[in-house]
Amino acid sequence: MQMPEPSQDIMNQREALAVALRQIVGQEWVISDEAERRPYQCDGITAYMAMPLLVVLPGSAAEVQQILRFCHAKGIKVVPRGSGTSLSGGALPLEDGILLVTSRLCNVLEVDAANRVARLQPGVPNIKISEAVQHLGLCYMPDPSSQLISTIGGNVAENAGGVHCLKYGVTANHILGLEAVLMTGEVIRLGGAYLGAAEGEMDLMGVLTGSEGLLAMVTEIAVRLEPVPEVARVISMSFASVEQACACVGAIVGAGIIPAGLEFMDRKVLDAVSVLIRETFDSNTAALLLCELDGTAVEVDALVDVVSDVARTQGAIETKVSTTEEERQRIWSSRKLAFSAIGKLCPDYYCTDGTIPRNKLPEVLNKMADMSVKYGLDYANCFHAGDGNLHPIIMYDAAKPGDLEKAEAFGADVLIACVDAGGVLSGEHGVGVEKRDLMTHQFTDIDLNQQQMVKCAFDPAELLNPGKVFPTACRCAEFGRMHVRNGVVRFPDIPRF
Amino acid sequence: MTQTETACLRPSTTQDVADIIMDAAAAGHTLAVTGNGTRRGFGNPVAASRELTLGGLDQVVFYDPEDLVIRAGVGLTLDELESMLAQKGQYLPFEPPRYTGLYGTDGQRSTLGGAVATALSGPRRILSGAVRDFVLGVEGVNGQGDVFKAGGRTMKNVTGYDLSKLVTGACGTLAALTTVTIKVLPAPRAELTLVLPASTLEEDRALFEKIRALPLGVGGLARRVAVDGKCEVVIRVEGTVPGVAGNRQVLEALLPTPPRVVEQEESQALWRDIRELSCLAPKADELVWRVNLPATAMPAFVDEARKAGCINRFFVDWAGGIVFSTMRGVQPEVDALRYRKMAEKIGARAMILRAPDSIRSQFGAFPPVAAGVAALEQRTRAAFDPAGIFNPGRMTVQA
Ligand SMILES: Cc1cc2nc3c(=O)[nH]c(=O)nc-3n(C[C@@H](O)[C@H](O)[C@H](O)COP(=O)(O)OP(=O)(O)OC[C@H]3O[C@@H](n4cnc5c(N)ncnc54)[C@H](O)[C@@H]3O)c2cc1C
Ligand SMILES: Cc1cc2nc3c(=O)[nH]c(=O)nc-3n(C[C@H](O)[C@H](O)[C@H](O)COP(=O)(O)OP(=O)(O)OC[C@H]3O[C@@H](n4cnc5c(N)ncnc54)[C@H](O)[C@@H]3O)c2cc1C
């Protein structure tokens, strides 16, 4: 993985830049000391590291504006960062760029229960939103597993999903308004703090969401709040084969049911978690599905019956249905502990994020088994089955020379298989630097050009988070012109109009 | 193609669309992009030298009911699409309105592409989301004749910029869309609507708020003018048969008076009427407006606008978050400006759904955006269509 060559000239200006930036944010909020910058070297992917030029922590949107205006004038690159939990290297620093961190912008600005909206600063951790409105019987639906730490700004930038997005949608479906600062320091406000506030506007909010910090720095977010479902019950279903479990996923959806969540765990994951939760799984079980149903009590009871029937028809060995909240939590604990349980089995693991049409699950899972043999690396599967979002966990040992490279190649093969099956490289973690060089497998040059032209509309100087998402720089200056196809017009002599 | 049938180009493949656009770009022509042209009256009038009609791209590429996804040409009519989905017990949750009653065109010919380009969402918006939330991917041709695709067919996708959202609601000013991939959902098994006499706007809004705070999955909350001219509140309950019965009881206990209950087909017809704004019944010379606003601001806004003569007839949908109204055509220039000002004052977005061309050209059908956003929109448009050949003036007003 190659990043753009850092500018030595800019790196030499570190101290002078620190002085200037301190005038904007105050003495203590620019970190220039090397030891203090070290914790910011990577995000959730520790395999990629770089020392940021400076770490800057603004205390207001106005400060963000001044910082960006300053950096734009000086030609300094900027990498936005929330909590640094990105699993694609989106918040990987640049040695000649400042890391602009939102930790101090962590206030819930307004809760408007009547209109069911909350206004937030970008550094608010996801979980704090639901906590702030819990007493009103409301919640913020998107719930990435990282929700204790990851910020709403980072969620917007990565269009984060979560276990419940099968029924409730991803981050993009819950954003009503955004305030963002362009690299030039110009502030733009899109949508607003009510449902429909963006009607009749070009959907710039839609393109900012999931843009991985490349288009603008998000400084305020208005999100939709939802009533907390009355009850939730989970059904655990075990199957003797992976194929049967996959078929059951399709059958549940085919029966007209959209579960709140539908998760898959293979035998390796079950063995790993059984130690932690002191529970054993039937020895014939090859795969387990967890299906959560929520709504009113009557509605959920009816759905539980239908899903139980489907499971039986699909040959489930055993189904367990939670009858109390404690039981529900216990059944979920296996899924919640899955990643840390695998972590105990191997020195390191690597997890990718391809997404495929549901009915391609067996095909792609079989290919993964072959790849495991090819690379000689073990793997386990624990993923969001309902929306075909795979998270293969590839186990390796970073201390063994060549192991990381093998794991990366294995991961890349999985992603390529996902695209070939009609899916995409990333369901929720983003492209970042991790999947950047695979983008040409999913998109043609024309597709990528079209996306990069949009980058040029937002940040023609290409100073915001460069080196991410796209395998090549934009060359915005060149894009400005119409490209002439060697002056060729098809059938120039035939009058068309 | 011969010279005589030239004014309107009606290709049936993506490649033909690309060729036409490439040639238009080379020849310096501009193109009015339409589906079947049923909603030409929506948005600002377009001044273009040629018309590009995409109604011929009406093939279904695939429909995978188990995966809840369909990909089809933009020319597929919404009626055909919806009946195809209904055969599998599925539907378009965003309930796209046609509004063809306003324009005197044939609603049966409204296309999928038109629904995506206008991004108009129906009454279920409060529960299920907007058009943009269901567009998973698109294929289109940009202003240089390049065929590009964006998005995909899976619900989760963070792979590059979400250009599918960007083109949704851009009214054909960014690209000529050729195919669209849409997420669909299982249609609810049961549906009924509770109907009760309206009270004051504030009391009705407060009732909506109370109902929306409950996790009952209510997919429609409106206050409309009934056939007899009296106003009524309508509440749509959807879901499983036992779920609907249960929710009905909970709601009935909450309502100030026992409601009349309308079930299944009759309920569907009622919401079709609301979706198509039937109760407004605008007179030929009346303007029609669609105002989005915070529900809490609605009663005072309506009151003020009525006193000022900017609202003649109106009704309220989206739990109070949208006001549809007619405006007398006596002094439209003066009233349009006043109504927009009133809306702007409270951060509402006032869109003109129907008005004479001159009014829409002068004031813009879409609510104005801040200068910085307008400039960014313009740069974004240039990123797709540098020479500005698509639908000139559709979304912008020349100063
Ligand atoms: C001419 C006319 C047209 C109407 N058109 C619609 C319509 O298109 N859609 C709709 O939902 N409702 C309509 N209504 C019903 C309207 O009376 C409701 O009261 C309205 O929905 C406003 O309620 P409110 O909560 O603002 O309280 P209200 O207490 O009703 O007051 C709202 C304002 O309307 C005036 N007003 C209310 N009723 C009358 C009346 N009978 N005669 C004169 N002024 C009155 C009041 O003076 C006040 O300024 C109409 C009423 C009138 C008089
Ligand atoms: C244990 C674990 C579990 C996870 N589970 C999930 C999951 O279930 N679903 C899921 O979707 N993801 C998951 N993730 C990935 C990650 O948590 C999400 O991508 C999250 O949204 C990142 O938020 P953050 O605040 O940590 O952002 P960061 O990692 O700091 O940044 C992520 C990206 O956003 C940009 N960015 C951050 N803030 C802003 C801003 N204000 N303006 C513009 N750009 C900005 C950065 O430049 C970077 O490109 C998980 C990660 C971990 C470590």
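## A tour of the two-chain model

Start where chain B meets chain A: across this interface the rule finds seven salt bridges, a salt bridge being a side-chain nitrogen of Lys or Arg within 4 Å of a carboxyl oxygen of Asp or Glu. What you have open is a predicted model, in which local features need pLDDT of at least 70 and side-chain atom pairs count only at pLDDT 80 or more, while totals for chains, interfaces and linings use all residues. For your selections, residues are numbered from 1 along each chain as its sequence is written, chains are lettered from A and ligands numbered from 1 in the order in which they are written, and side-chain values use heavy atoms, with hydrogens and water left out.

**Stop one: the interface**

Select B:Lys156 together with A:Glu428, whose side chains meet in a salt bridge with 2.9 Å from N to O. Widening the selection to the whole boundary, you will find 28 residue pairs in polar contact between chain B and chain A, both residues of each pair being at pLDDT 80 or more. A polar contact here is a pair of N or O atoms within 3.5 Å; within protein, one atom must be able to donate a hydrogen and the other to accept it, and residues adjacent in sequence count only if both atoms are side-chain atoms.

Next colour helix H13 of chain B (residues 371–384), which with nine residues supplies the largest share of the side of chain B that touches chain A; helices (H or I, at least four residues) and strands (E, at least two) are DSSP runs numbered from the N terminus. That side of chain B divides into 41 nonpolar, 22 polar and 24 charged residues, where Ala, Val, Leu, Ile, Met, Phe, Trp, Tyr, Cys and Pro count as nonpolar, Asp, Glu, Lys and Arg as charged, and the others, Gly among them, as polar.

The contact, meaning heavy atoms within 4.5 Å, takes 87 residues from chain B and 93 residues from chain A. Between them the two chains bury about 7,800 Å², of which 57% is on carbon and sulfur atoms.

**Stop two: the cores**

A nonpolar core is a set of buried Ala, Val, Leu, Ile, Met, Phe, Trp, Tyr and Cys residues joined through side-chain atoms within 4.5 Å, and buried means under 20% relative accessible area, exposed over 50%, and partly exposed in between (1.4 Å probe, protein chains only). The largest such core has 141 residues, and A:Val223, A:Met237, A:Phe458 and B:Ile182 touch the most other members. Apart from it lies another core of 48 residues, among them B:Phe42, B:Leu207, B:Leu270 and B:Met351.

Now centre on A:His174, in the loop between helix H7 (165–168) and strand S8 (175–181) of chain A. A:His174 counts as buried because its relative accessibility is 2%, and, leaving aside neighbours within four places in sequence, its contacts include A:Tyr140, A:Tyr168, A:Val223 and A:Glu226.

Move to B:Val180 in strand S9 of chain B (residues 176–183), a residue that counts as buried at 0% relative accessibility. Beyond four places in sequence, B:Val180 is in contact with residues including B:Ile70, B:Leu112, B:Val135 and B:Val138.

**Stop three: salt bridges within the chains**

Over all chains, the rule gives 51 salt bridges. One of them joins A:Lys167 to A:Asp294, with 2.6 Å between the closest N and O atoms. A:Lys167 lies in helix H7 and A:Asp294 in strand S14 (residues 287–295) of chain A, so the pair ties together parts that are 127 residues apart in sequence. A:Lys167 is partly exposed at 33% relative accessible area, whereas A:Asp294, at 6%, counts as buried.

Finish in chain B with B:Arg338 and B:Asp335, whose salt bridge has its closest N and O atoms 2.7 Å apart. The two residues are separated by about one helical turn because they stand three residues apart in helix H11 (residues 332–345). B:Arg338 is partly exposed at 31%, while B:Asp335 is buried at 4%.

Key
Buried area = accessible area lost by both parts, 1.4 Å probe.
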